[in-house]
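Hi,

Here is the structure I promised to pass on.

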Amino acid sequence: MDKYKIILFDLDGTLSDPKVGITKSVQYALQKMHIIESDIDKLECFIGPPLQDSFAEYYNFDEENTQKAIDFYRERFREMGMFENELYSNISLLLKSLKDLNFTLVVATSKPTIFSEQILIHFNIDQYFDLVVGSNLDGTRTAKTEIIQYILDMYNGHKLDDFIMIGDKKHDIIGANNNGIDSIGVTYGYGSFEELSHSKPTYIVKSVDQLKDILIGSQVK
């Protein structure tokens with residue numbers, strides 16, 4: 001196996017644990033829509049997928065109400081939600097190690113690019129990433145397949161074998177499979193082993209240390 005050259009990281013549930021900020025912002029949006037949800041644990045399903053999909057799926061909002069809910073969500077998320085967040089243990093060390101070994105690191109997230117960039121700066125890990133690709137605030141480019149394709153187009157001088165996608169949800173793995181690149185599912189985030197294995201990733205790991213072993217071990221051939 002040749003070493004990978006370009007590593008794509010999902011943000012929420014892969015680099016950082018955003019539970020408090022996301023669930024409380026969803027809770028705030030629902031309250032504005034006259035729906036009371038007192039248990040934020042029930043809102044973990046909003047971590048990872050595009051908000052457009054989640055509000056429609058879990059609360060049966062039509063397109064107009066979905067957009068209203070997203071606008072309310074962003075009111076709170078912009079002010080405080082994005083910073084109610086913490087890096088997973090050893091992520092900074094992993095990113096530094098990969099960068100020192102001349103890997104190209106890219107964030108591939110359904111979160112709007114503008115918020116993602118601010119979160120990376122907040123955690124002082126923006127220095128490790130060559131590119132951040134997320135969704136647009138107008139609701140376009142939210143699907144992980146589309147986001148990964150955009151990144152592949154940006155690095156079109158490389159072959160597909162040079163890329164690998166890392167994420168904690170089936171959307172990450174499906175997006176990688178749809179684009180013909182390898183993937184790693186991480187179970188320390190918000191996707192279960194069952195969800196990830198059903199999506200057929202190249203690897204599944206349960207810790208950042210295992211992730212490091214695969215990525216850096218891939219060099220030794």
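**Notes on the model**

G48 sits in the loop between α1 and α2, where helices (H or I, at least four residues) and strands (E, at least two) are DSSP runs numbered from the N terminus. Before going further: this is a predicted model, so local features need pLDDT of at least 70 and side-chain atom pairs count only at pLDDT 80 or more, while totals for chains, interfaces and linings use all residues. Residues are numbered from 1 along each chain as its sequence is written, and side-chain values use heavy atoms, with hydrogens and water left out.

G48 is partly exposed, at a relative accessible area of 27%; buried means under 20%, exposed over 50%, and partly exposed in between (1.4 Å probe, protein chains only). What does G48 touch, not counting residues up to four places away in sequence? It touches S110 and K169, with contact meaning heavy atoms within 4.5 Å. A108 is 60 residues from G48 along the chain, and their C-alpha atoms are separated by 11 Å.

**Salt bridges**

There are eleven salt bridges in the structure. I used the cut-off of a side-chain nitrogen of Lys or Arg within 4 Å of a carboxyl oxygen of Asp or Glu. Three of them are described here.

- K19 pairs with E44 at 2.8 Å, N to O. K19 belongs to helix α1 (residues 19-32) and E44 to the loop between α1 and α2 (51-59), so the bridge ties together parts that are 25 residues apart in sequence. K19 counts as buried at 19% relative accessibility, whereas E44 is partly exposed at 28%.
- D130 pairs with K99 at 2.4 Å, N to O. Here D130 is in the loop between α5 (113-122) and β5 (131-135), and K99 is in helix α4 (residues 91-100), so the pair ties together parts that are 31 residues apart in sequence. D130 is partly exposed, with a relative accessible area of 46%, and K99 is also partly exposed, at 24%.
- D172 pairs with K144 at 2.3 Å, N to O. This one links distant parts of the chain, with D172 in helix α7 (residues 170-179) and K144 in helix α6 (residues 144-154), 28 residues apart. Both D172 and K144 are buried. D10 comes in here as well: D10, K144 and D172 are linked in a network of salt bridges.

**Helix packing**

The axes of α6 and α7 are 8 Å apart, at an angle of about 50°; axes are lines fitted to C-alpha atoms, for helices over the stretch in contact, and angles run from 0 to 180 degrees between N-to-C directions. That makes α6 oblique to α7, given that angles under 35 degrees count as roughly parallel, over 145 as roughly antiparallel, 65 to 115 as roughly perpendicular and the rest as oblique. Their crossing is right-handed, i.e. the near helix is turned clockwise from the far one by less than a right angle. On the α6 side K144, T145, I148, Q149 and L152 take part, and they meet H171, D172, I174, G175, A176, N178 and N179 in α7. By class, this contact has four nonpolar, six polar and two charged residues (Ala, Val, Leu, Ile, Met, Phe, Trp, Tyr, Cys and Pro count as nonpolar, Asp, Glu, Lys and Arg as charged, and the others, Gly among them, as polar).

How do α1 and α3 pack, by angle and distance between axes? Their angle is about 130° and the axes are 8 Å apart, so these two are oblique to each other. α1 passes α3 in a right-handed crossing. From α1 the contact includes G21, I22, K24, S25, V26, Y28, A29 and K32, and from α3 it has A69, F72, Y73, E75, R76 and F77. The classes are eight nonpolar, two polar and four charged.

T66 is buried, with a relative accessible area of 7%. Leaving aside neighbours within four places in sequence, T66 is in contact with Q52, F55, A56 and F61.

Last, α4 and helix α9 (residues 208-217): their axes come within 10 Å and cross at roughly 10°, which makes α4 roughly parallel to α9. I91, L94, S97 and L98 in α4 meet V208, L211, K212, L215 and I216 in α9. That contact has seven nonpolar, one polar and one charged residues.

Cheers
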